[in-house]
Amino acid sequence: MNNKDYRISNIYYMLAYAFRFDKLIPKSTDSGGVEEFDNIYDLFSVMLYKMISLLIKRGFYKDYETTIEISSLAKGKIKIDQSIKQNTLISQKLVCEFDDFSDNINLNQIIKTTLFYLIKSEKLKKENKKKIKKVYLFFDDIDTLDIRTIRWNRIILNKSNKGYRVVINICYLILNNLIITQENGEKKYKEFLEDEELAIIYERFVREYYIKHYPQLKPSVKKMQWNIDQGYPMIDFLPTMITDINLYYKNKELIIDTKFYANILKKGRYNKEIISRDNWNQLFAYVSNESYNSNKIVSGMLLYAQTDEEIASDNTTSVMGHKMSIKVLDLRKNINQISEQLNTIANQFISD
């Protein structure tokens with residue numbers, strides 16, 4: 001699957017669900033207020049504008065940052081060695097180190113850096129670039145960063161700055177995919193969002209959709225153990241079974257395994273088109289192991305993102321007493337139609 005195979009607008013809503021940013025999700029999927037975007041750059045600029053506007057209203061998060069400066073007044077910790085090396089004593093000044101309570105912190109610097117690169121992008125519509133410039137003005141006292149020096153794994157998000165979670169996630173996607181390299185003085189653009197990243201977003205989107213709209217089904221992720229026969233040891237290097245989505249209703253359980261690939265079907269023996277054996281066997285392992293330790297009726301579903309291949313949207317069979325389905329979710333349709341497809345899956349599970 002590539003960027004031409006799905007509506008760019010759907011990434012907007014997939015991300016909104018995946019990151020639980022309710023203010024970007026339409027209150028009713030039946031409403032006609034679904035935004036359309038020509039390219040991925042405009043999509044992210046609109047998302048950031050809306051989210052950063054909320055941050056501005058609340059006020060930027062501040063924290064203590066260690067600052068080192070040359071001052072005529074002693075404050076904080078005096079760095080004698082550095083004062084001597086820099087000959088500041090001649091001018092009756094000292095090198096001082098102190099903690100400054102400021103909004104010029106790493107989180108805000110990452111946001112400003114992201115806005116800076118979006119403004120530089122030639123692919124942004126004028127109206128969207130104007131919006132980005134508008135919020136950029138609020139970062140006047142905040143530094144920009146060299147994106148190569150950002151330590152993403154050292155970012156700490158807590159209850160005090162939880163409003164930054166979605167914004168920083170979007171900034172991460174932008175700065176790791178938008179403007180990365182320079183060759184011969186010219187900026188080079190990577191393809192925005194690789195299939196691996198979209199696969200993760202797709203999985204989270206489906207799960208979070210059900211969490212929001214079908215909480216009665218208790219959507220969740222489940223880590224399952226292999227059913228090792230009594231008297232035999234567990235082998236340490238057996239793969240862990242972690243499901244994408246589990247739905248529960250009365251005495252029933254549905255395990256959904258989402259798949260986002262360029263191609264759903266592969267060439268098998270005699271050039272027969274088949275789905276991936278690994279996908280099917282993985283799902284059946286989930287279903288059979290779960291039913292072994294449960295008194296529930298367990299079924300499984302492979303939920304593929306639709307490609308250009310001709311494949312029926314709903315294929316269902318029964319294997320060893322377990323209902324097994326292969327379905328496709330057509331991301332080329334608008335979000336309202338996608339919602340209808342997901343609703344149908346949930347409602348059929350309830351009614352069967």
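Modeller: This is a predicted model, and a patch of negative charge on its surface is a place to begin: D63, E65, D99 and D100 gather there. Two elements, β1 (63-71) and β3 (94-102), each give two or more residues to this negative patch. D99 has its place in strand β3. The relative accessibility of D99 is 52%, and because the cut-off for exposed is over 50%, D99 counts as exposed.

Other charged side chains are paired. In general, side chains of opposite charge can pair when their charged atoms come close. The count here comes to 6 salt bridges, and three of them are described below.

One of these joins E208 and R20, whose side chains meet with an N to O distance of 2.7 Å. E208 lies in helix α7 (residues 195-213), while R20 is in the loop between α1 (8-18) and α2 (40-58), so this pair ties together parts that are 188 residues apart in sequence. E208 is buried, at 7% relative accessibility.

A salt bridge also forms between E290 and K222, with the closest N and O atoms 2.6 Å apart. This pair again links distant parts of the chain, with E290 in helix α8 and K222 in the loop between α7 and β6 (223-224), 68 residues apart. E290 is buried, with a relative accessible area of 6%, whereas K222 counts as partly exposed at 28%.

R148 is exposed, its relative accessible area being 72%; D146 is partly exposed, at 33%.

Helix α8 (residues 277-292), the helix of E290, also contains S291. S291 has a relative accessible area of 19%, and because buried means under 20%, S291 counts as buried. The C-alpha atom of S291 is separated by 9.0 Å from that of H322, and these two residues are 31 residues apart along the chain.

Strand β13 (residues 314-319) and strand β14 (residues 322-329) pair in the antiparallel sense, over 6 bridges. In this pairing V319 stands opposite H322 of β14. The two strands form a hairpin with 2 residues between them, and M320 in the turn has a positive phi of about 50°.

A further hairpin is made by β8 and β9, again with 2 residues between the strands; here K250 in the turn has a positive phi of about 55°. Strand β8 pairs with strand β9 (residues 252-259) in the antiparallel sense over 5 bridges, and K252 in β9 is the bridge partner of Y249. Of the 5 residues of strand β8 (residues 245-249), 4 are buried, so this strand is largely enclosed by the rest of the structure.

Helix α6 (residues 165-175) is mostly covered as well, with 8 of its 11 residues buried. Among them are V166, V167, I168 and I170.

I80 has its place in helix α3 (residues 80-85) and is partly exposed, with a relative accessible area of 47%.

Notes
Residues numbered from 1 in each chain as written. Predicted model: local features only at pLDDT ≥ 70, side-chain atom pairs only at ≥ 80, totals over all residues. Heavy atoms only, no water. Buried < 20%, exposed > 50% of the residue type's maximum accessible area, 1.4 Å probe, protein only. Patch = residues over 30% accessible without salt bridge, like charges linked within 9 Å, V, L, I, M, F, W, Y side chains within 5 Å. Areas by Shrake-Rupley, 256 points an atom, 1.4 Å probe, with all protein chains shown as cover. Salt bridge = Lys/Arg side-chain N within 4 Å of Asp/Glu carboxyl O. Lys, Arg positive; Asp, Glu negative; His and termini not counted. Charge placed at Lys NZ, Arg CZ, Asp CG, Glu CD. Pairing = 2+ DSSP bridges.
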